[in-house]
Amino acid sequence: MKQTLYSQLYENRLLENNNQIVVYEECLNKLADDFKDEDIVELCRVLDDKTMEFDVMFGVIHLLETLSSEEAYMNTITGVVELKKHSPIWAKTIIYRYLNDEFSIKMINNILPNLDIEVKNGFCSLLSEINAEDGQQFGDAINKIKF
């Protein structure tokens, strides 16, 4: 069931017409009923910088933010590192939201030592990019993260 929903989300992710928007929103609503930490990486895959409707796609971000366990943060960072390869804007958007939240910074510090080395390196690279682009706004938050 969930895999079908993810497939439909992926197929409609560009949100080019009303039908795609309706299908996308319906799938997100169905996922929300039983969304779990282990679903996060798969959900990150449906974000796409080429979307025609950023506001609609923000539903994914809101669904991601409903979970706040350490596992959820680990899976989100794993998903974001993978996401950065094809949708860097969305990857950064998720991290920007984390950097604006003290609880998220605390959670990142809790999980960072336990991340897979490739994921950790990818995440650190993403933070470096954000710091270079928006260091004035996010530099203090990035400096709170203990690498």
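These legends go with an overview and several close-up views of a predicted model.

Figure 1. The protein chain has 8 helices and 0 strands. For 147 residues, a compact globule would come out with a radius of gyration near 15 Å, and the chain's own value of 15 Å agrees with that. Along the principal axes, the C-alpha atoms fill a box of roughly 45 × 30 × 25 Å. Some 48% of the 147 residues count as buried. If you take contacts with a separation of 6 or more, 74% of them come from residues 24 or more positions apart. The accessible surface is about 7,700 Å², and carbon and sulfur atoms own 46% of that.

**Figure 2. Phe-54 and Trp-90, a stacked pair.** Searching the whole structure turns up 5 aromatic pairs. In this one the ring centres sit 5.3 Å apart with the planes at 20°, so the pair counts as stacked. Phe-54 belongs to helix H4 (residues 54-64) and Trp-90 to helix H6 (residues 88-99), so the pair links distant parts of the chain, 36 residues apart. Trp-90 is buried, at 1% relative accessibility, while Phe-54 is partly exposed at 34%. Phe-58 joins in too: ring pairs link Phe-54, Phe-58 and Trp-90 into a cluster.

**Figure 3. Tyr-96 against Phe-138, another stacked pair.** Here the rings are 4.8 Å centre to centre, with 20° between the planes. Tyr-96 comes from helix H6 and Phe-138 from helix H8 (residues 117-143), which puts the partners 42 residues apart. Tyr-96 has a relative accessible area of 18%, so this residue is buried, the cut-off being 20%. Phe-138 is also buried, at 5%.

**Figure 4. A charge over a ring: Arg-13 and Tyr-10.** Arg-13 lies over the face of Tyr-10. The distance to the ring centre is 3.8 Å.

**Figure 5. Lys-2 and Asp-39 in a salt bridge.** The count for the model is 11 salt bridges, and in this one N and O are 2.6 Å apart. Lys-2 is in helix H1 (residues 2-11), whereas Asp-39 sits in the loop between helix H2 (18-32) and helix H3 (40-44), so the bridge ties together parts that are 37 residues apart in sequence. Which of these partners is buried? Asp-39 is, at 8% relative accessibility. Lys-2, on the other hand, is partly exposed at 22%.

**Figure 6. Glu-42 with Arg-45.** The closest N and O atoms of this salt bridge are 2.7 Å apart. Glu-42 is partly exposed, at 23% relative accessibility. Arg-45 is partly exposed as well, with a relative accessible area of 31%.

**Figure 7. Lys-84 reaches Glu-129 across the sequence.** The two side chains meet in a salt bridge at 2.7 Å, N to O. Lys-84 is in the loop between helix H5 (70-83) and H6, and Glu-129 is in helix H8, so the pair ties together parts that are 45 residues apart in sequence. Lys-84 counts as partly exposed at 23% relative accessibility, and Glu-129 counts as partly exposed at 25%.

Conventions
Residues are numbered from 1 along each chain as its sequence is written. This is a predicted model: local features need pLDDT of at least 70, side-chain atom pairs count only at pLDDT 80 or more; totals for chains, interfaces and linings use all residues. Side-chain values use heavy atoms; hydrogens and water are left out. Rings of Phe, Tyr and Trp (its six-membered ring) pair if their centres lie within 6.5 Å; planes under 30 degrees apart count as stacked, over 60 as edge-to-face and the rest as tilted. Helices (H or I, at least four residues) and strands (E, at least two) are DSSP runs, numbered from the N terminus. Buried means under 20% relative accessible area, exposed over 50%, partly exposed in between (1.4 Å probe, protein chains only). A charge sits over a ring if NZ of Lys or CZ of Arg is within 6 Å of the ring centre and within 35 degrees of the ring normal. The radius of gyration is taken over C-alpha atoms; the globule rule is 2.2 Å times the number of residues to the power 0.38. Contact means heavy atoms within 4.5 Å. Accessible areas come from the Shrake-Rupley method with a 1.4 Å probe; for residues, only the protein chains shown count as cover. A salt bridge is a side-chain nitrogen of Lys or Arg within 4 Å of a carboxyl oxygen of Asp or Glu.
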